[in-house]
Amino acid sequence: MTKNILVTGGAGFIGSNFIHHILATYPQYRITVLDAFTYAGSIENLPPDAQDAGSDRVRVWCGSVCNSDLVQTLMADADMVVHFAAETHVTRSIFDNLTFFQTDVLGTQAIANAVVKYAHRIERFIHVSTSEVYGTAETPAMDEDHPLNPASPYASAKCGADRLVYSYWRTYGIPAVIVRPFNNFGPRQHLEKAIPRFITSVLLGEDLTVHGDGSAARDFVHVEDTCRAIAALITAPADKVVGEVFNIATGTDRTILGIAQTIAQTMGYDADRISFVGERPAQVERHTGDWSKIEGRLGWKPLVVWDSGLASTIDWFRQNRPWWEKQVWLRRVPITTRSGRIEYH
Ligand SMILES: NC(=O)c1ccc[n+]([C@@H]2O[C@H](COP(=O)([O-])OP(=O)(O)OC[C@H]3O[C@@H](n4cnc5c(N)ncnc54)[C@H](O)[C@@H]3O)[C@@H](O)[C@H]2O)c1
């Protein structure tokens, strides 16, 4: 039977990869995209079908998740919801956080209210949270019970949304599942994020700039693995997943300096072209995810090996220069440090 999935933020990095994955793998699903097409979203990220108003597999609505009337109209014929839409760049949240709280918190409230209203037909509501809600790792691997100590305005907005969805599950019994992906990488990621920025810096013949001494470490999971995890969560039996939080991670952390060095080496670039800017305020020192819960419940495990995932990502950026050239000016974000100095991060 055909099911309609409402995908918010589907024109961004993970959302668009998810839509490509669903259309290629599940013929029984139709997609409705709700995206505000901010600087981070692009129609080019979506399959060609999306630009065809008569497509029977994917419909696109340009609008905000904060518009509750629009959200309710689209929710009225949805069977499932995957909510990606958010402002997502930590550094940007340091100099302009208003839209982060509007979209990430109030947008999630509008989505959750509509799920309550149409609870009789919504089978699953996947809320895409983030590992950033944890702050710096207090344990070797962070499981879903790790304390929530969000360190940036982005992380605190996402933390508010994460707990909002949990409270709606407790209060109204909506079929919510919260996923906390660790750092993602892969095709179509915006140039403001570290891995695309490093790769395109090499392609542009520039220095690769690293925050602080580059010792901050992250657990990078390939976007294809994240998409498989979310797809598994929408089809899983309710008693295994509803009301639960799931990490999506690999369990391996890598320093940002190490990643810059690996990219330079893999692309045959001069290692001396790595330079350093000031540390990002409230930098999270380490993220390492424990993914045993989702493995135990659904048998999911990360399949994309770091080396090959990085190589194919580099390849994608080599072959898609017209896609990313338009974003070059958005890579460096000005922030005012506590000492009052303006730095470009
Ligand atoms: N990229 C990562 O490493 C990562 C890791 C963990 C969690 N996440 C979460 O996954 C989700 C997707 O992240 P991403 O990296 O694909 O983000 P992205 O910035 O690439 O895309 C965000 C999308 O949301 C849209 N959007 C923004 N404001 C909107 C609004 N008011 N209404 C409707 N659409 C709006 C944008 O136009 C864009 O298409 C986010 O919720 C993010 O917090 C991302």
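Modeller: The shell around the ligand is made up of 14 nonpolar, 13 polar and two charged residues (Ala, Val, Leu, Ile, Met, Phe, Trp, Tyr, Cys and Pro count as nonpolar, Asp, Glu, Lys and Arg as charged, and the others, Gly among them, as polar). The model is predicted, so local features need pLDDT of at least 70 and side-chain atom pairs pLDDT 80 or more, whereas totals for chains, interfaces and linings use all residues. Residues are numbered from 1 along each chain, and side-chain values use heavy atoms, without hydrogens or water.

In total, 29 residues surround the ligand, each with a heavy atom within 4 Å of it. Ile14, Asp35, Thr88, Tyr154 and Lys158 are the closest of them. Two helices, α1 (13–25) and α5 (153–172), each supply at least two residues of this shell (helices are DSSP runs of H or I with at least four residues, strands runs of E with at least two).

Serine 64 places a polar side-chain atom 3.1 Å from a nitrogen atom of the ligand. Tyrosine 154, already named among the closest residues, has a side-chain N or O atom 2.6 Å from a ligand oxygen. Asparagine 184 takes part through its backbone, where a polar atom is 2.9 Å from an oxygen atom of the ligand. Of the 830 Å² that the ligand exposes when taken alone, the protein buries 96% (Shrake-Rupley areas, 1.4 Å probe).

An α-helix has 3.6 residues a turn, so residues three or four places apart point the same way. At the start of α2, asparagine 67 brings a side-chain oxygen to within 3.2 Å of the backbone nitrogen of aspartate 69.

Strand β3 contains arginine 59, which counts as partly exposed at 24% relative accessibility. Neighbours within four places in sequence aside, arginine 59 touches Asn4, Arg30, Ile31, Thr32, Val33 and Asp77. Its C-alpha atom is 16 Å from that of alanine 85, 26 residues away along the chain.

The loop between β2 and β3 holds serine 55, which is buried with a relative accessible area of 9%. The side chain of serine 55 makes a polar contact of 3.5 Å with the side chain of aspartate 49. Phenylalanine 37 also sits in the loop between β2 and β3; although not a glycine, phenylalanine 37 has a positive phi of about 50 degrees, and it is partly exposed at 24%. A positive phi, near 55 degrees, also occurs at alanine 282, in the loop between β13 (274–277) and α10 (292–298). Alanine 282 is partly exposed, at 43% relative accessibility.

Notes
A polar contact is a pair of N or O atoms within 3.5 Å; within protein, one must be able to donate a hydrogen and the other to accept it, and residues adjacent in sequence count only if both atoms are side-chain atoms. Buried means under 20% relative accessible area, exposed over 50%, partly exposed in between (1.4 Å probe, protein chains only). Contact means heavy atoms within 4.5 Å.
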